[in-house]
Amino acid sequence: MTFTRTTLDHLGISEWQLRHRPSEKPSLSLEKLNQQVIHCQRCQLSHTRKQAIAGTGHLKAKWMLIGEQPDAHDDASKNYFSGPVGVLLTKMLAAIGQTPNDVYLTTLVKCHPIDNRHPFSNEIAECWPYLQQQIDLIQPQVIMTLGPLAAKHVLRSTASLAELRGQIFTFGTKRIPVIPSYAPAYLLHNPSDKRAAFQDLLQVKALLT
Ligand code: SF4
């Protein structure tokens, strides 16, 4: 998919925004942030996790994937690309010529909720400053949210994922393009939606410089 200037204007995204990343960087390093997350006890998820996982990827990643929560495999391995979900995610990235090394992957909450329940609103709120700082540090060209909860909180929207998918939103004052998509865990059980997820990934690829 190619976005013309007209399309970008319509979306409120300038070509300059897509091609130039702001030079100012927050003083906190990703490593220090990771250490804060590892020792964090801000919410009750700290009582049941094996370990907190800040994110997987490097500071210069061009785009960010934001999921909802670490699953049990992630919790055990301290790696978001572990387990069946990680394998599927790796295949999805490969489908657009990307690898886990090209992205920064993180989640709304950094600790695995026991029984894989969805995180509560207060847990997401407590963890949000970490995600905000990660976005500020990495300054991605594009953000893709994975799952309805991630879309809802990143976009501050009450709309369903079905309503949000297929559109490009922006995040923050830097108006980073945000593309909502499905959670890989959902796609494992609903493979018929993989085609739509691939279209979402093509939208990301079209926005990367
Ligand atoms: S989920 Fe976030 S806020 Fe809660 S303990 Fe883990 S790192 Fe801290």
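**Exercises: a ligand shell and a helix pair**

In this predicted model, the shell around the ligand has eight nonpolar, two polar and four charged residues (nonpolar: Ala, Val, Leu, Ile, Met, Phe, Trp, Tyr, Cys and Pro; charged: Asp, Glu, Lys and Arg; polar: the others, Gly among them). Residues are numbered from 1 along each chain as its sequence is written. Local features need pLDDT of at least 70, side-chain atom pairs count only at pLDDT 80 or more, and totals for chains, interfaces and linings use all residues.

**Exercise 1.** Find which residues are closest to the ligand.

*Solution.* Step one: 14 residues surround the ligand (C-beta atom, placed from the backbone, within 6 Å). Step two: the closest are C40, C43, S46, C111 and C127. Step three: helix 6 (residues 121-138) gives the most to this shell, with three residues. Helices are DSSP runs of H or I, at least four residues, numbered from the N terminus.

**Exercise 2.** Decide how helix 3 and helix 6 are oriented to each other.

*Solution.* Step one: helix 3 (residues 30-38) packs on helix 6 at about 170°, with axes 11 Å apart. Axes are lines fitted to C-alpha atoms over the stretch in contact, and angles run from 0 to 180 degrees between N-to-C directions. Step two: the two helices are therefore roughly antiparallel (over 145 degrees).

**Exercise 3.** State how confident the predictor is in the chain.

*Solution.* The average pLDDT (confidence per residue, from 0 to 100) is 88. At least 70 is scored by 87% of the residues.

Conventions
Angles under 35 degrees count as roughly parallel, over 145 as roughly antiparallel, 65 to 115 as roughly perpendicular and the rest as oblique.
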